[in-house]
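Thanks for coming, everyone. Please have the sequence and the structure open while I talk. I'll take it piece by piece.

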Amino acid sequence: MTTATTTWTTTRGPLAQAASMTARSLASIRHQPAQLIEFFMIPLMILLSITFFMGGQMMGSWKDFLQYAGPTIIAMGLFFAITATGLGLYGDIKEGVFDRLTAMPVSRFALLAGRIAADMVKHTWALLVVGGVAFAIGYRSDGGVLGTAGAALALLLFLFAASWTMALVGLTAKSEEQIQTWMISLLMPLAYTSTIFIEKDTLPGPVQWWASANPLTALADTMRMFLSGGTPGSETLALLAWCAAILAVFVPLSLRAYRRKLTS
Amino acid sequence: MKYAIEVRGLVKAFGEVRALDGVHLAAAPGTVLGVLGPNGAGKTTAVRILSTLTTADAGTARVLGHDVAAEAGKVRERIGLTGQYAGLDPALSGEQNLMLIARLLGASRRQARQRAHELIERFDLAHAAGRAADKYSGGMRRRLDLAASIVRRPEVLFLDEPTTGLDPKSRGGLWDIVRELVAEGTTVLLTTQYLEEADQLADSIAVIDTGKVIASGTPSQLKQTVGGQVLRLSPARPESLGQLAQLADWAIGAQSRQEDGDLVVPVAHAGEAQAVMARVGQAGIDLTGFGLHEPTLDEVFLTLTGHTAETKQKELAA
């Protein structure tokens, strides 16, 4: 064999490979800068329409409602946006580029994590914009800079974990419509049976039990705790436990789905 | 290591359909193995198994001495793949696509840029290096795809129908690139449904149909299996065809067939052709032309698969 093999020092591990994949997923923004607006439109519209059109009826004045539920409604809007991870992976696989990447000595984890990390960049951008709008229309955090940062980090951590569930959906779905259906039929009930909008006591008995267990309740309660300047307690532990459990289950399941989809 | 690619008894079933049904293949280092067959013959499945994208139900496949199932990681280090569908990121530019591959393979940013530029020059894509890949023409996309599969100079390159859907000029350009890679020592497995492509590029050919290799050898060996040579007679009047066929039968007992208004007579050697021509001369049948030639790969394929020209054309159009 006389082929001259290009030798590159392959000290770049899975994380570096994931970073390359992240950059690749974000590169399309340069070709279509309008995407920067699309990333925050849905959470922004959810925040504004619920606050202005429903808030007054729910709490007497939309300002009180914004103060109570504004941050958690932003969280819900971004929670719905994790569908992008499923749709993105589904599209990647359909394009055939993942066939090439799979036949290369590249970590499978890096291929999935790269997509999710790129989506996290987009979520962070959307959070900054929509959070800025909430501030502009009158929302004020009692937790100061630290509390606000804590709430934001709690939200981003939860979105990161939840994105892995969408990775599994994207890798096993038969069509884009199926992914949308999963989003509506799973994410929405989850959001509406949590303390995102409402106080637990207003729910009927059995739903109250579920609302306590709901991961979004752990998220909403943790965010409210940070934003009201409290100290982390059981709600924060519940959130961390949920994130760890979701990752422990869905990272291996996603990797297995990847193997089944692309190498069998 | 005698063979760069060695496949024995490969079986792969999808439900009831046996896509591969005991396939044997072998390619010596630095040669081109052409896998020739119609749509649905199992060509893509074979490539996917060899490039570690799927696993076989039975049989063994080795690439550069590594078992593709047990040592998939080692195989991936040394192969390149250009699948039937472009393995490119449509939203990235040509240059970004090549740089991404190089980065994933361990190149530094500078090395990646340098290698991308080399390939862009070599594959005549400099005018479109910054353009998104989904804005490329079919021929350009194929060239970029091929470039992406040799970013790290693979020792074995798999090309799954690399020129399907290309115009003749782009096809010729791609053939030149493949020849260059082989001259540099790369072993190539190429699947195609174009007989001319296999004839042009391959050192050895395996003809595959419904999951089985039905013939293999060098292009000229394959032509011989159809039986020596072919005498083609073009009568001045089409109604003479029946009479010509009868004369050929009397002269040498040949089973001739009609094709495009000609009579095609398989002959073992030139003497038999002479005997047929003598009869035709005695009978006084007017010919507009005649010729003795090696059978084309088309004729080999028809003889081997029993597919009629018509169904083959439908498959080619599909």
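Predicted model: local features only at pLDDT ≥ 70, side-chain atom pairs only at ≥ 80, totals over all residues.

Start with Thr52(B). Is Thr52(B) buried or exposed? Where is Thr52(B) found? In the loop between α1 and β4 of chain B. Now look at its backbone. Phi of Thr52(B) is near 70°, a positive value, and this residue is not a glycine. Most residues other than glycine have a negative phi.

Next, Asp260(B). Asp260(B) also has a positive phi, about 50°, without being a glycine. Its place is the loop between β12 (257–259) and β13 (262–267) of chain B. Buried or exposed, then, for Asp260(B)? Asp260(B) has 8 other C-beta atoms within 10 Å, so it is exposed. The limit for exposed is 12 or fewer.

Stay with chain B and find the sheet. Four strands form an open sheet, in the order β2-β1-β4-β5 of chain B, and the pairing is antiparallel. Which strands stand at the edges? They are β2 (17–27) and β5 (66–67) of chain B. Each has a single partner strand, so one side of each is left without a neighbour in the sheet. Something packs on this sheet: helix α1 (residues 43–50) of chain B. This helix touches β1, β2 and β4 (58–63) of chain B. Its direction makes about 115° with that of β1(B). Zoom in on one strand pair. Strand β1 (residues 5–14) of chain B pairs with β2(B) over 8 bridges, in the antiparallel sense. Within that pair, Ile5(B) stands opposite Ala27(B) of β2(B).

Now switch to chain A. Here the count is 12 helices and 0 strands. Along the principal axes, the C-alpha atoms of chain A fill a box of roughly 80 × 40 × 35 Å. How many of its 264 residues count as buried? The share is 42%. Then the contacts. Take those in chain A between residues at least 6 apart in sequence: 79% of them join residues at least 24 apart.

Helix α7 (residues 108–136) of chain A has 29 residues. At 1.5 Å a residue, α7(A) should span 42 Å. Its end C-alpha atoms are 43 Å apart, which agrees. After α7(A) comes Gly138(A), with a positive phi near 120°.

Further along, look for Pro232(A). Pro232(A) sits in the loop between α11 (215–227) and α12 (234–262) of chain A. It has 14 C-beta neighbours inside 10 Å, so Pro232(A) counts as partly exposed. Pro232(A) and Ala118(A) are 114 residues apart along the chain, and their C-alpha atoms are separated by 29 Å.

Last stop: where the chains meet. Here 29 residues of chain A are in contact with 36 residues of chain B. On the chain A side, the elements giving two or more residues are α1 (14–26), α2 (28–31) and α6 (97–102) of chain A. Which of them gives the most? That is α6(A), with 4 residues. By type, the chain A side divides into 10 nonpolar, 14 polar and 5 charged residues.

Technical notes. Residues numbered from 1 in each chain as written. Chains lettered and ligands numbered in written order. Pairing = 2+ DSSP bridges. Contact = placed C-beta atoms within 7 Å. Axes fitted to C-alpha atoms, helices over the stretch in contact; angles between N-to-C directions. Expected span 1.5 Å × (residues − 1). Buried ≥ 20, exposed ≤ 12 C-beta atoms within 10 Å, placed from the backbone. Nonpolar A, V, L, I, M, F, W, Y, C, P; charged D, E, K, R; others polar.
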